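Thanks for coming, everyone. Let's take a quick walk through one structure. Please have a look at it first.

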Amino acid sequence: MFHEIPDELLRRMRELEERDAADRCDGTPRLERLRQIPPETGRFVALLAASAPRGRCVEIGTSAGYSALWLALACRSTGRRLTTFEVLPPKAALARETFSQARVADVVELVEADFLASSDALSDIGFCFLDGEKETYGACYEAVIPKLVPGGLLVADNAINHQETLRPMLNAALADDRVDALIVPIGKGELVCRKRD
Ligand SMILES: C[S@@+](CC[C@H](N)C(=O)[O-])C[C@H]1O[C@@H](n2cnc3c(N)ncnc32)[C@H](O)[C@@H]1O
């Protein structure tokens, strides 16, 4: 999965990494910033997605498609497709550019919509990466957990750097008897939940 990343995919990853790093120090307004995961989190979620049971692979919060490229690698190696949700049109346009340049359209479907308004149509989720607005994590968590297949995984970003905002959702997940859960100190902190069999 990581040993033969196609050149065009690697090139787009590098471009987005450079743009994201510039965003963080050049005064770009928050809503325009890419706010991407770091590469180590990309590898982590790709490994988990490739190890998840069969079922739909879903991402909440595409931005320009950087984390989706990591998940696309996992989907390619396991014969699945990723459905990724982005609510802001300018970000969705950037993501379309990413998926075209990186040539991952065969494994990635971009849905330009609010995940919370579209989630009823989803079922049998094997893996979900949650990286939207922190204020809606609780609602997204409650929308996803009942739809996970047994053994399915939900991974939520920012469990350490935004832990105060996420505290109610994190506490609820860690005490939720539908899942086994822990927080992994990689990148900005990943909450990993596995639906019990
Ligand atoms: C932190 S960024 C995502 C970064 C991306 N996962 C990456 O690492 O490359 C959050 C994105 O989620 C989008 N978003 C927030 N809430 C959403 C929702 N309910 N449905 C779809 N997209 C959402 C925002 O517009 C924003 O572009």
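Where does Glu 133 lie? It sits in the loop between strand 4 and helix 6. Keep in mind that this is a predicted model. Is Glu 133 buried or exposed? Glu 133 counts as exposed, because it has 11 C-beta neighbours inside 10 Å. Compare its position with Leu 148. Glu 133 and Leu 148 are 15 residues apart in sequence, and their C-alpha atoms are 21 Å apart in space.

Next, helix 6 itself. It covers residues 137-144, and Tyr 137, Cys 140, Tyr 141 and Val 144 are buried there. Those residues lie on the same side of helix 6, because they cover an arc of only 100° around the axis. What covers them? The cover includes strand 1, helix 5, strand 4, strand 5 and helix 7.

Let's stay with helix 7 for a moment. Thr 165 is found in helix 7. Thr 165 counts as partly exposed, because it has 14 C-beta neighbours inside 10 Å. Thr 165 and Tyr 137 are 28 residues apart in sequence, with 9.7 Å between their C-alpha atoms.

Now the core. In soluble globular proteins, nonpolar side chains tend to be buried together. Here, the largest nonpolar core has 55 residues. Which of them touch the most other members? Leu 69, Leu 71, Ala 72, Leu 130, Leu 154 and Val 155 do. Helix 3 gives this core its largest share, 9 residues. Leaving out residues up to four places away in sequence, Leu 154 touches Cys 128, Leu 130, Val 144, Ile 145, Leu 148 and Cys 193.

Strand 6 (residues 179-184) and strand 7 (residues 190-195) pair in the antiparallel sense, over 6 bridges. Cys 193 in strand 7 stands opposite Ala 181. The hairpin has 5 residues between the strands, and Gly 187 takes a positive phi near 55° in it.

Over to strand 5, where Val 149 lies. Val 149 is partly exposed, because 18 other C-beta atoms are within 10 Å. Which residues does it contact, beyond its neighbours within four places in sequence? They are Pro 53, Gly 55, Asp 124, Ile 125 and Gly 126. As for Leu 48, Val 149 is 101 residues away from it in sequence and 15 Å away in space, C-alpha to C-alpha.

Most residues other than glycine have a negative phi. Asn 158 is not a glycine, yet has a positive phi of about 70°. Asn 158 lies in the loop between strand 5 and helix 7. Asn 158 counts as buried, because it has 20 C-beta neighbours inside 10 Å. Then there is Ser 63, with a positive phi near 50°. Ser 63 lies in the loop between strand 1 and helix 3. It is buried, because 25 other C-beta atoms are within 10 Å.

Ser 63 also brings us to the ligand. Which residues come nearest to the ligand? Of the 20 residues around it, they are Gly 61, Ser 63, Tyr 66, Ser 67 and Gly 132. Helix 3, strand 2 and helix 5 each supply at least two residues of this shell. By type, the shell divides into 8 nonpolar, 6 polar and 6 charged residues.

Note on methods. Residues are numbered from 1 along each chain as its sequence is written. This is a predicted model: local features need pLDDT of at least 70, side-chain atom pairs count only at pLDDT 80 or more; totals for chains, interfaces and linings use all residues. A residue is near a molecule or strand if its C-beta atom, placed from the backbone, lies within 6 Å of it. Helices (H or I, at least four residues) and strands (E, at least two) are DSSP runs, numbered from the N terminus. Ala, Val, Leu, Ile, Met, Phe, Trp, Tyr, Cys and Pro count as nonpolar, Asp, Glu, Lys and Arg as charged, and the others, Gly among them, as polar. A residue is buried if 20 or more other C-beta atoms lie within 10 Å of its own, exposed if 12 or fewer, and partly exposed in between; C-beta atoms are placed from the backbone. The arc is that of the directions from the helix axis to the C-beta atoms. Two residues are in contact if their C-beta atoms, placed from the backbone, lie within 7 Å. A nonpolar core is a set of buried Ala, Val, Leu, Ile, Met, Phe, Trp, Tyr and Cys residues joined through C-beta atoms within 7 Å. Two strands pair if DSSP finds at least two bridges between them.
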